[in-house]
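Here is a friendly note to read alongside the model. Please keep the sequence and the 3D view open as you go.

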Amino acid sequence: MVSAVDLSASVGAVRLKNPVMPASGTFGFGADAARLYDITRLGGAVMKGVTKEPRFGNDQPRVTDCPAGMLNAVGLENPGIDSVMKQELPALARMYKGPIIANVCGFTVDEYAELAARFDESQDVAALEINISCPNVSHGGMAFGTDSVAAAAVTRAVRRASGKPIWVKLSPNVTDITRIARACEDEGADALCLINTLLGMRVDLRTRRPALANTFGGLSGPCALPVALRMVWQVYEAVRIPIVGMGGVSSARDAVEMTLAGASAVEIGTAALVDPSALIRVIDELPRVITEMGYARYADLVGKAHQGKG
Amino acid sequence: MRQGLYNVISNESVARGVYRLRLEGSTRALARAGQFADIRIDGVYLRRPFSVADWDDEGFVILYKVVGEGTRALAGARPGHSLDVILGLGNGFDETISRAPLLIGGGVGAPPLYALAKRFIGIGIKPVALLGFASRCDIILADELRALDCRVMVTLESEGERVTDRLDEASADRDRFYACGPEGMLRAVKRQCGLPGQLSLETRMACGVGLCRGCTCMTLTGGKRVCVEGPVFDKEALAW
Ligand SMILES: Cc1cc2nc3c(=O)[nH]c(=O)nc-3n(C[C@H](O)[C@H](O)[C@H](O)COP(=O)(O)OP(=O)(O)OC[C@H]3O[C@@H](n4cnc5c(N)ncnc54)[C@H](O)[C@@H]3O)c2cc1C
Ligand SMILES: Cc1cc2nc3c(=O)[nH]c(=O)nc-3n(C[C@H](O)[C@H](O)[C@H](O)COP(=O)(O)O)c2cc1C
């Protein structure tokens, strides 16, 4: 019976053979992940965040952990759009035939539009994931994603620059995520991805200094799951466009929980850093979990937790 | 690279706060001295990386110092326990480029140099080892290296001496150095030692397998991942 489960998922017009994708920044540009597991099994492939210029990233140390998660301040290390268009993206497209999602990071609204236009030229890109957690350099470094006016401006600019489906990836470091979500929907976003990492820090007892060179880092992993679920729930109630849920998903049960809260597909990041086979394990376990719940189609679970009690 | 469960054979204190852990399981993924194992430890979320100090067909050995939560928990591992390990990570040292090697270790940087010494002995080359420790009760692997018939020089900070104080003497008839230890020591060795050399770097890692860019260090040809392109870098390549 288990084999009869239909795992197909859709995020608006983008169809996925299953709902499991790697979260940006934990998959590189595919080649590194392909050494570790069979990436052709993935429902979609989400690339590392790409900026206009190549970036080395932040100083060391960039990572540390806590009992149920980790903090990172990698600082968007990536080879820059020119290299990605010429090398990394075509290489991924040779290895992976499903939908490829380009994660886009700008430091000004124009930069987002420019990057969106560049990716628009490539047939290999199925959708753009607009990471609005980047610091807005023209506004004192506050992230675009923490201000609904700035988030709307970015969405509008990339909407104009590209005909591809636009998924806006929201920051959880806000008072009311539904305001930002609505602002992006109003400007034509095709889907919303949430959550990016939660701002946090740790202090090293030995050095008596912040554990990360950058002082603050993004918290992710299992400890983030309840926060992510709450936000996916809230955004599902607030908008009509589909949601890609992420934040702490580590098992098929977590993925289903995210789906019940309102996600049409999930991304898995940190769990794969501890156990590189995490995504394949989730894909393998989903049919059993869905069958045990008495369902035959993954897509039927989307948002089910919002329907009347009992 | 291989991920699997490895059985704890022994886990004993060998110096102040330093333990020697022997794990049983396939070592086919190990190709070179200087490669490392990424070990999942109950109680901390991310895996912890440790250099392989020795290996044979049945298993491998690490020597680790208790410095925090993860290593403290690891010290509690007992025979009969098993650990989830990703083995055979990183590039490792190249023993084919030296006929008269000098191995320079600081503290728990010595373990991969023991594995390297065995590789050299295996091809008929006898290395010289220069090891630095904080004090007498921190010394590791000096006797084991002597048992391989290597010449071993030990410096102790408690006696006011560092490895850099004896670099000239140690490198006299040598053609290349191989170093592993705290970053401060590595920088000093790179600056002061006239020989070409390879250095094994340590940075905090998240995945250890090349996915996250958590461990990147700067080289003259751009950022490189310590976990994949390293941990061993040529002296000439580092942007220090
Ligand atoms: C490739 C590689 C090989 C290694 N080989 C060995 C080895 O053979 N033997 C050994 O004892 N250790 C080795 N280490 C270091 C070892 O990984 C760390 O000591 C360990 O991860 C600490 O974990 P913890 O949870 O006990 O400490 P935490 O609680 O995470 O940290 C405790 C304290 O140790 C410091 N610390 C933690 N990790 C490092 C690090 N990588 N470098 C410098 N300071 C650190 C922190 O700043 C903090 O003050 C290696 C590291 C790398 C990257
Ligand atoms: C090491 C690391 C790097 C990341 N890099 C990016 C990135 O480049 N762009 C982005 O939008 N999100 C990035 N993220 C955030 C993840 O894509 C994801 O939103 C977040 O980690 C929550 O999911 P998780 O708990 O499953 O990891 C990164 C996360 C980690 C841990």
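1. Let's begin with one pair: A:Met21 stands opposite A:Glu267 in S16(A). Strand S16 covers residues 265–268 of chain A, and three bridges join this strand to S3(A), the two running parallel. Strands here are DSSP runs (E, at least two residues), helices are runs of H or I with at least four, and both are numbered from the N terminus; two strands pair if DSSP finds at least two bridges between them.

2. A word on the model: it is predicted, so local features need pLDDT of at least 70 and side-chain atom pairs pLDDT 80 or more, while totals for chains, interfaces and linings use all residues. Residues are numbered from 1 along each chain as its sequence is written, chains are lettered from A and ligands numbered from 1 in the order written, and side-chain values use heavy atoms, without hydrogens and water.

3. Now zoom out to the sheet. In chain A, eight strands form an open, parallel sheet, in the order S3-S16-S15-S10-S9-S8-S7-S4. Strand S3 (20–22) and strand S4 (45–46) of chain A are at the edges with a single partner strand each, so one side of each has no neighbour in the sheet.

4. Next, ligand 1. Which chains surround ligand 1? Residues from chains A and B do, so the site is shared between chains. The shell has 20 residues, with A:Asp204 and B:Thr71 among the closest (a residue is near if one of its heavy atoms lies within 4 Å).
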